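This report examines a single chain together with its ligand. Please consult the sequence and the structure while reading.

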Amino acid sequence: MANPGFAWSVENLWTVERVAVRFRLQPTQPGTLWLTGATPGFSPMKTGPGTLMRMGHPSLCLRHARSCLTRVLLIAVLQPGTLQAQRDRDDWQRVPDVLAALAIGEGSYVADVGAGSGYFTEHLARHVGATGRVFAVDISDRALSQLRRLAEREGLENVEVVRGEVDDPRLLAESLDAVLVVNAYHEMTEYEAMLASGMFTALKPGGRLVMLERGSADSSRSRQRQMAAHEMSLALVARELEAAGFDVLERDEHFTENPHQDPQWMLVAKRPTQGS
Ligand SMILES: C[S@@+](CC[C@H](N)C(=O)[O-])C[C@H]1O[C@@H](n2cnc3c(N)ncnc32)[C@H](O)[C@@H]1O
């Protein structure tokens with residue numbers, strides 16, 4: 001099937017057993033479609049955008065949807081999938097509170113490290129305006145091209161896409177008012193270098209580091225096991241931030257509530273000012 005140029009979503013299917021089902025076909029390469037989320041009896045994966053599972057052919061999804069129809073109420077909506085995913089995320093991500101935690105405004109310089117497809121990059125760019133600057137850092141080719149496409153499509157002239165290294169976000173020393181890291185720290189294998197010589201050095205004294213991640217309150221599991229589960233406990237990360245020289249200002253174990261995903265925690269830290 002040719003790339004349809006948009007995606008269609010089937011959302012909020014509820015089985016009689018009240019199993020939430022949610023899947024969305026997203027625009028992708030010609031001839032392929034992606035399914036996000038989970039369908040009953042199909043996958044134990046968590047629901048929600050971001051969980052991608054390759055489905056060789058759309059007919060697989062359609063066959064599955066047909067079989068579900070015998071026992072579910074199906075609400076199908078034709079809409080651009082990525083836009084809808086963004087709107088869904090706006091509902092629970094508490095972007096205004098993240099911007100407040102970063103303590104940034106018009107004219108601020110900020111980095112989104114591990115920016116991915118640029119959900120926060122876009123919000124940051126609109127918030128800091130034409131006189132501000134957003135450095136969208138990633139190490140993956142796919143993410144870097146998504147970020148460039150986003151900046152071009154949305155006319156975000158204040159966004160600079162930066163190819164980082166696994167141990168270096170390649171940001172200028174003392175150039176930033178704030179750094180944001182969302183759902184990315186657990187992927188940073190060289191976290192000590194990323195924190196200390198990367199983000200700490202790039203912040204101006206007094207600059208903020210705000211981090212959001214998923215992770216249980218249990219910090220007793222090894223770091224490797226937490227990374228493998230794509231999560232990090234807040235307590236562990238707080239210790240790592242302090243070891244890198246940051247002052248931890250705020251800890252919120254249940255920052256987000258999302259019916260389809262575990263909550264994210266939020267940590268707010270700052271690079272100490274001289275003498276503090
Ligand atoms: C799950 S995505 C999160 C994307 C985005 N922050 C969001 O919340 O939508 C994690 C991203 O971190 C990136 N990443 C992993 N290690 C990195 C590193 N050392 N420096 C920069 N980016 C990194 C990955 O390539 C990936 O794009």
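## Model and confidence

The model is predicted. Its average pLDDT is 78 across the chain, and 68% of the residues reach a score of at least 70. Where pLDDT is low, the predicted coordinates should not be read in detail.

## Overall architecture

The chain contains 8 helices and 12 strands. Of its 276 residues, 38% are buried. Among contacts with a separation of 6 or more, 63% join residues 24 or more positions apart.

The largest nonpolar core comprises 58 residues, and the members that touch the most others are Val 110, Val 179, Leu 180 and Val 210. Beyond its neighbours within four places in sequence, Val 179 contacts Val 110, Ala 111, Val 113, Met 199, Ala 202, Leu 203 and Leu 209.

## Helix 3 and Leu 102

Helix 3 spans residues 95-102 and includes Leu 102. Its buried residues are Val 98, Leu 99, Ala 101 and Leu 102. These residues lie on the same side of helix 3, because they cover an arc of only 160 degrees around the axis. The elements covering them include strand 6 (109-113), helix 4, strand 9 (176-182), strand 10 (203-214) and strand 12 (264-270). After helix 3 comes Ala 103, which has a positive phi near 55 degrees.

Leu 102 counts as buried because it has 23 C-beta neighbours inside 10 Å, where 20 or more are required. Setting aside residues up to four places away in sequence, Leu 102 touches Val 110, Ala 178, Leu 180, Arg 208 and Val 210. Of these partners, Arg 208 is 106 residues from Leu 102 in sequence, while the two C-alpha atoms are 5.8 Å apart.

## Helix 6

Helix 6 covers residues 191-202, and its buried residues are Tyr 191, Met 194, Leu 195, Gly 198, Met 199, Phe 200 and Ala 202. The arc that they cover around the axis is only 165 degrees, so they lie on the same side of helix 6. The cover over these residues includes strand 6, strand 9, strand 10 and helix 8 (234-243). Two of the buried residues, Met 199 and Ala 202, are also contacts of Val 179.

## Glu 213 in strand 10

Glu 213 belongs to strand 10. This residue is buried because 23 other C-beta atoms lie within 10 Å. Apart from neighbours within four places in sequence, the contacts of Glu 213 are Asn 183, Tyr 185, His 186, Glu 231, Met 232, Val 237, Gln 264 and Trp 265. Asn 183 stands 30 residues from Glu 213 along the chain, with 4.8 Å between their C-alpha atoms.

## The ligand shell

Which of the 20 residues around the ligand come nearest? They are Gly 114, Gly 116, Ser 140, Ala 184 and Glu 187.

By class, the shell around the ligand consists of 13 nonpolar, 5 polar and 2 charged residues. Helix 4 (119-128) and strand 7 (133-138) each contribute at least two residues to this shell. Helix 4 is also among the elements that cover the buried residues of helix 3.

Note on methods:
Residues are numbered from 1 along each chain as its sequence is written. This is a predicted model: local features need pLDDT of at least 70, side-chain atom pairs count only at pLDDT 80 or more; totals for chains, interfaces and linings use all residues. A residue is near a molecule or strand if its C-beta atom, placed from the backbone, lies within 6 Å of it. Helices (H or I, at least four residues) and strands (E, at least two) are DSSP runs, numbered from the N terminus. Ala, Val, Leu, Ile, Met, Phe, Trp, Tyr, Cys and Pro count as nonpolar, Asp, Glu, Lys and Arg as charged, and the others, Gly among them, as polar. pLDDT is the predictor's confidence in each residue, from 0 to 100. A residue is buried if 20 or more other C-beta atoms lie within 10 Å of its own, exposed if 12 or fewer, and partly exposed in between; C-beta atoms are placed from the backbone. Two residues are in contact if their C-beta atoms, placed from the backbone, lie within 7 Å. The arc is that of the directions from the helix axis to the C-beta atoms. A nonpolar core is a set of buried Ala, Val, Leu, Ile, Met, Phe, Trp, Tyr and Cys residues joined through C-beta atoms within 7 Å.
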